[in-house]
Amino acid sequence: MGFLPIVAILLVFWLLIIRPQQRKQRETMRLQSSIQVGDQVMLTSGFFGTVTDLIEDKADVEIAPDVVVTVVRGAIANRVTESYDDAADDVTGDPTDDLDGDAPSVQESAAGEPPRLEKTTDDAPASHDPRPGDN
């Protein structure tokens with residue numbers, strides 16, 4: 001009877017942690033083995049690209065026009081069902097709409113000069129960088 005709580009804990013551990021992880025691993029392996037040339041994929045690093053060649057456990061992925069990288073199949077996170085080019089075209093609006101009032105604003109500058117950043121908050125000056133041990 002003393003082993004019953006330990007067995008119950010192990011069973012719950014297996015049901016909640018090990019079994020779902022094994023299922024996810026099987027699905028990932030199934031996906032990586034089903035990848036074909038021409039599939040649009042997302043790599044684990046976040047890059048999107050199109051598979052151009054498959055050689056054993058490696059894949060050539062074109063991430064930009066005339067830019068092909070060779071990755072192991074394990075670096076393919078998932079297959080993209082929607083074209084990532086179409087998704088990029090759907091972005092509309094002004095990208096500065098999301099900025100809040102605390103962000104630096106870009107000042108208009110004379111022709112040929114790079115834009116300047118203007119501070120919009122009263123932050124501490126950046127010239128002093130206190131380090132541990134400074135007195």
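Trainee: Leaving aside its neighbours within four places in sequence, which residues is Arg73 in contact with?

Mentor: Once those neighbours are set aside, Arg73 is in contact with Gln32, Ser33, Ile35, Leu54, Glu56, Asp57 and Lys58, where contact means heavy atoms within 4.5 Å. This is a predicted model, in which local features need pLDDT of at least 70 and side-chain atom pairs count only at pLDDT 80 or more, while totals for chains, interfaces and linings use all residues. Residues are numbered from 1 along each chain as its sequence is written, and side-chain values use heavy atoms, with hydrogens and water left out.

Trainee: Where is the place of Arg73?

Mentor: Arg73 is in the loop between strand 4 (67-72) and strand 5 (76-79), with strands (E, at least two residues) and helices (H or I, at least four) being DSSP runs numbered from the N terminus.

Trainee: How do you know that Arg73 has no salt bridge?

Mentor: A salt bridge needs a side-chain nitrogen of Lys or Arg within 4 Å of a carboxyl oxygen of Asp or Glu. Lys and Arg count as positive and Asp and Glu as negative, with His and the chain ends not counted. The nearest side chain of opposite charge to Arg73 is that of Asp57, 7.0 Å away, and therefore buried Arg73 has no salt bridge.

Trainee: What makes Asp60 a residue with no salt bridge?

Mentor: For Asp60, which is found in strand 3, the nearest side chain of opposite charge is Lys58 at 8.6 Å, so Asp60 is buried yet without a salt bridge. Not counting residues up to four places away in sequence, Asp60 touches Thr50, Val51, Thr52, Asp53, Val68, Val69 and Thr70.

Trainee: Why is Leu16 called exposed?

Mentor: With a 1.4 Å probe and protein chains only, buried means under 20% relative accessible area, exposed over 50%, and partly exposed in between. Leu16 has a relative accessible area of 63% and is therefore exposed. Leu16 is found in helix 1 (residues 4-34).

Trainee: What makes up the largest nonpolar core?

Mentor: Such a core is a set of buried Ala, Val, Leu, Ile, Met, Phe, Trp, Tyr and Cys residues joined through side-chain atoms within 4.5 Å. The largest has ten residues, namely Leu31, Ile35, Val41, Leu43, Val51, Ala59, Val61, Val71, Ala75 and Ile76. Strand 1 (40-43) and strand 3 (58-64) are the elements that give two or more residues to this core. Leaving aside its neighbours within four places in sequence, Leu43 is in contact with Val61, Val71, Ala75, Ile76 and Ala77.
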